[in-house]
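Q: Hi! Could you walk me through this one?
A: Happy to; here it is.

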Amino acid sequence: MKRLDLPPIQASDTVLTCASGITIVDRAQALVDALPTIQQSEAEYLELGPTGQLYRIAPSDSVTPAINANLMGIIYKSHFARQGSPSRPLYDQIKMAPEFGACPLCGQRIVATIDHYLPQTRFPTLNLTPVNLIPACSDCNKRKLASAPTNAESQTLHPYFDNLSDERWLVAEIQPSAPPTVSFTIRPAGAWDAVLTARVRNHFQVMGLEELYVAQAASELADISYALEEIGAAGGAEGIRAHLSGQFRSRHARDPNSWKTALYEGLRDSDWFCAEGYSQIRNRPQVNAPGEALHAV
Ligand SMILES: [Zn+2]
């Protein structure tokens with residue numbers, strides 16, 4: 001959900017640097033020989049990516065007759081990404097690009113790996129291509145699995161290409177309950193077409209963002225409950241609203257569509273929350289401990 005700049009390196013950088021660290025002479029030469037094919041595939045990717053058409057790239061079993069998908073996977077894992085290899089700094093450069101190490105796919109968890117947007121098992125010619133390599137947390141990486149999009153709508157968001165605009169589109173809704181119930185919905189921005197709207201919803205579902213954000217919001221509310229009760233005691237509902245408004249503006253300045261921005265906007269705009277909901281955060285339903293019912297009899 002966070003946009004990233006295109007990597008400042010190309011497939012020629014990763015392929016040749018990777019090949020320079022391969023001591024198996026035939027394998028290194030086969031990789032160098034595959035470079036024109038890999039570059040051709042990279043050019044197609046760069047042409048189709050900005051218009052959301054990567055699903056049109058055909059899968060393949062091999063890069064060249066000498067390098068099948070399995071060998072390309074070995075080259076990626078055992079040579080390109082291997083600690084101490086000449087190409088590892090390029091791997092790290094891609095992996096460490098996001099600010100504060102935040103996964104661009106969920107915007108919340110910490111980057112732990114690199115995800116192949118088009119999976120390496122089915123698109124071996126893009127295995128070492130930087131623009132296909134997305135920094136990701138392990139959860140997002142696992143959730144995506146090796147699935148490949150078959151149409152425009154089924155494509156998850158691509159941090160190097162998709163720009164969801166700064167218009168507000170992630171909305172938190174607050175339901176009166178004790179403790180307050182928070183849910184998140186997507187309100188399509190004006191500039192989105194039907195395909196982008198479907199892709200954002202698909203991305204949310206695949207990455208499990210609704211559950212993630214609901215859990216984070218509950219934790220955030222628990223964190224701020226004492227402070228809100230103090231503010232409420234001193235300034236009432238208007239004091240609460242003014243405080244939440246400041247929190248919203250501060251988060252909006254960094255990211256207009258983070259779950260925190262949406263949460264504080266939703267809290268600020270909820271008359272119920274500002275008047276009394278804030279005092280219900282710690283009001284958890286009582287759960288009887290095992291055996292307690294017996295004592296009560
Ligand atoms: Zn993630």
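Q: What spacing do the zinc ion's donor residues have in sequence?
A: The pattern is C-x2-C-x30-C-x2-C. This is a predicted model, where local features need pLDDT of at least 70, side-chain atom pairs need 80 or more, and totals for chains, interfaces and linings use all residues. Residues are numbered from 1 along each chain as its sequence is written, and side-chain values use heavy atoms, without hydrogens and water.

Q: Which atoms are the donors?
A: The SG atoms of Cys-103, Cys-106, Cys-137 and Cys-140, 2.3 to 2.4 Å from the zinc ion. Donors are N, O and S atoms within 2.8 Å of the metal (3.2 Å for Na, K and Ca); water is not among the atoms, so sites may look incomplete.

Q: And what do Cys-106 and Cys-137 tie together?
A: Parts 31 residues apart in sequence, because Cys-106 lies in the loop between helix H5 (88-95) and strand E3 (113-116), and Cys-137 in the loop between strand E4 (133-136) and helix H6 (138-144). Helices (H or I, at least four residues) and strands (E, at least two) are DSSP runs, numbered from the N terminus.

Q: Is Cys-106 buried or exposed?
A: Cys-106 is buried, with a relative accessible area of 1%, and Cys-137 is buried with 1%. Buried means under 20% relative accessible area, exposed over 50%, partly exposed in between (1.4 Å probe, protein chains only).

Q: New topic: how do E3 and E4 pair?
A: They are antiparallel, over four bridges; strands pair if DSSP finds at least two bridges between them. Ile-114 has Pro-135 in E4 as its bridge partner.
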